[in-house]
Amino acid sequence: EVAESLLTELGCAVVTARDGPQALDMLERSPEVDLLLTDMFMPGGMTGVELAETARQSRPDLKVLLSSGGADEPLEEAASQGWSVLRKPYQAEELSQAVKEALTV
């Protein structure tokens with residue numbers, strides 16, 4: 001909810017999903033979505049990396065930004081694999097910069 005509010009304040013149109021499967025369904029129905037911002041750890045048994053990899057199977061051009069406030073290791077591993085990452089907690093300026101960078105990768 002915090003990220004949604006900050007992104008809206010930055011002028012982004014935002015759609016939200018409660019878990020990975022719902023996000024995949026929404027991405028399939030919303031080709032106008034440019035960026036997937038997802039937490040590394042979500043309900044429903046799918047990680048952020050798994051969601052991103054699955055989404056890119058049908059949308060290889062989809063930009064992805066992974067975020068986490070949990071353990072450093074999974075986020076560092078995702079970054080080493082080339083994913084854009086953002087560590088929680090973050091401020092609006094950090095989120096804005098991370099979104100801009102993820103969209104240009």
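Visitor: Which residue stands opposite Leu86 in S3?

Guide: Leu86 in S3 faces Ser67. This is a predicted model, in which local features need pLDDT of at least 70, side-chain atom pairs count only at pLDDT 80 or more, and totals for chains, interfaces and linings use all residues. Residues are numbered from 1 along each chain as its sequence is written, and side-chain values use heavy atoms, without hydrogens or water.

Visitor: What makes S2 and S3 a pair?

Guide: Strands (DSSP runs of E, at least two residues, numbered from the N terminus) pair if DSSP finds at least two bridges between them. S2, residues 63–68, and S3 have 4 bridges in the parallel sense, so they meet that criterion.

Visitor: How many bridges join S1 to S2?

Guide: S1 and S2 run parallel and are joined by 5 bridges. Leu36 stands opposite Val64 in S2.

Visitor: Why is the crossover from S2 to S3 called right-handed?

Guide: The chain passes from S2 through helix H4, residues 72–80, to S3. With the strands pointing away from the viewer, the path from the first strand over the helix to the second runs clockwise, which is why the name applies. S1, helix H3 (residues 48–58) and S2 likewise make a right-handed β-α-β unit.

Visitor: Why is S2 described as mostly covered?

Guide: Buried means under 20% relative accessible area, exposed over 50%, and partly exposed in between (1.4 Å probe, protein chains only). In S2, 5 of the 6 residues are buried, so the strand is mostly covered.

Visitor: Which residues form the covered face of S3?

Guide: Ser84 and Leu86 form the covered face of S3 (residues 84–87), while Val85 and Arg87 form the uncovered one.
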